[in-house]
Amino acid sequence: MGDVWHPSRGSDAEHVRRVKEQHPGLRVIPRVAAENVEAMLEAGAEGAVVAFAEEAAMRDFAGRYR
């Protein structure tokens with residue numbers, strides 16, 4: 001069994017919230033688009049895996065979450 005659940009882009013914040021309620025000790029770090037990170041964090045995710053097409057977008061995003 002793994003230490004972290006990495007929900008795919010097919011999972012939404014409500015799905016993450018339900019899983020966290022059922023398994024509160026499970027660490028959740030979903031793979032999501034940058035615009036969905038905040039909702040996932042609010043649902044109980046401990047972080048997120050986000051891909052960026054360009055460096056400027058990555059730097060902007062990182063500046064918001066320091």
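What percentage of the 66 residues of the protein count as buried? The share is 26%. The model is predicted.

## Overall architecture

The protein has three helices and two strands. Starting at the N terminus, the order of elements is β-α-β-α-α. Along the principal axes, the C-alpha atoms fill a box of roughly 40 × 25 × 20 Å.

The exposed surface comes to about 4700 Å². Carbon and sulfur atoms supply 49% of that area.

## Confidence

Mean pLDDT for the protein is 89. A value of 70 or more is reached by 95% of the residues.

Strand S1 has the lowest mean pLDDT, at 79. Helix H2, residues 37-43, has the highest, at 95.

## Serine 11

Serine 11 sits in the loop that runs between strand S1 (4-5) and helix H1 (13-22). Its relative accessible area is 12%, so serine 11 is buried, the limit being under 20%.

The serine 11 side chain makes a polar contact with the side chain of histidine 15, at 3.1 Å. Leaving aside residues up to four places away in sequence, serine 11 touches Trp5 and Met40.

## Salt bridges within helices

Four salt bridges turn up in a search of the whole structure. One of them joins glutamate 14 to arginine 17, with 3.4 Å between the closest N and O atoms. Both residues belong to helix H1 and are three residues apart, so about one helical turn separates them. Glutamate 14 has a relative accessible area of 39% and is partly exposed. Arginine 17 is also partly exposed, at 30% relative accessibility.

Helix H3 holds another pair, arginine 59 and glutamate 55. These two residues form a salt bridge, their closest N and O atoms lying 2.7 Å apart. They are four residues apart, about one turn of the helix. Arginine 59 has 57% relative accessibility, so arginine 59 counts as exposed, the threshold being over 50%. Glutamate 55 is partly exposed, with a relative accessible area of 46%.

Where do the partners of the salt bridge between lysine 20 and glutamate 46 lie? Their side chains meet at 2.7 Å, N to O. The pair links distant parts of the chain, 26 residues apart. Lysine 20 is in helix H1. Glutamate 46 is in the loop between H2 and helix H3 (55-64).

Is lysine 20 buried or exposed? Lysine 20 counts as buried, because its relative accessibility is 13%, and buried means under 20%. Glutamate 46 is partly exposed, with a relative accessible area of 43%.

## Summary

The predicted model has elements in the order β-α-β-α-α. Helix H1 carries the glutamate 14–arginine 17 pair and also lysine 20, the partner of glutamate 46. Helix H3 carries arginine 59 and glutamate 55.

How values were computed:
Residues numbered from 1 in each chain as written. Predicted model: local features only at pLDDT ≥ 70, side-chain atom pairs only at ≥ 80, totals over all residues. Heavy atoms only, no water. Buried < 20%, exposed > 50% of the residue type's maximum accessible area, 1.4 Å probe, protein only. Polar contact = N/O pair within 3.5 Å; in protein donor to acceptor, adjacent residues only side chain to side chain. Contact = heavy atoms within 4.5 Å. pLDDT = per-residue confidence, 0-100. Areas by Shrake-Rupley, 256 points an atom, 1.4 Å probe, with all protein chains shown as cover.
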